[in-house]
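I opened the file today to look up one residue and then the chain around it. My notes follow the order in which I checked things.

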Amino acid sequence: YWYNNNEEKIQEYKHLIMLDLESKGLKDLSKGDDFVSEFEDKITKLNEEETFQSAMTYEEDQKKILNTEKKISFEEGMAQGIEQGITQGEIQKQTEIAKNLSALGIEKEKIVQATGLTLEQLEELK
């Protein structure tokens, strides 16, 4: 809302918006609002204190961001791989069951009904 200059939504959500703004944005938002103005003053003081300034270099920060992105990608890839493995395992199991039922002389329609495979898939097994 802030970056789209949606004044109605800015007024509605300004106490949430203020948490994500830089000092210039806070100055603009705090006009006419004592609460936001007080918040802006406190944040400005904290940012000036050496204790609260970042001890990380830009390069270290970028490395942490990259490591986080790698971890997220790895976890998403693992989840996707597990899901694919489960799906393939289910299909393989249904195929084995279909082969066994077929070997027992069960009708194709009943095998399709029991396994969830299509007639085409059943024909491919032979």
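**Entry 1: one threonine**

I looked up Thr-115 and found it buried, because its relative accessibility is 8% and buried means under 20% relative accessible area, with a 1.4 Å probe and protein chains only. The model is predicted, so I noted its limits: local features need pLDDT of at least 70, side-chain atom pairs count only at pLDDT 80 or more, and totals for chains, interfaces and linings use all residues. Residues are numbered from 1 along each chain as its sequence is written, and side-chain values use heavy atoms, with hydrogens and water left out.

I placed Thr-115 in helix H5, residues 108–115; helices are DSSP runs (H or I) of at least four residues and strands are runs (E) of at least two, numbered from the N terminus.

**Entry 2: what Thr-115 meets**

I found the side chain of Thr-115 at 2.8 Å from the backbone oxygen of Ile-111. A polar atom of that side chain also lies 3.2 Å from the backbone nitrogen of Leu-117.

I then listed the residues that Thr-115 touches (heavy atoms within 4.5 Å). Leaving out residues up to four places away in sequence, they are Gln-94, Ile-97, Ala-98 and Leu-101.

**Entry 3: the chain**

I counted six helices and zero strands. The C-alpha atoms fill a box of roughly 85 × 40 × 20 Å along the principal axes. Of the 126 residues, 15% count as buried. I also noted that residues 24 or more positions apart make up 10% of the contacts with a separation of 6 or more.

How values were computed:
Buried < 20%, exposed > 50% of the residue type's maximum accessible area, 1.4 Å probe, protein only. Polar contact = N/O pair within 3.5 Å; in protein donor to acceptor, adjacent residues only side chain to side chain.
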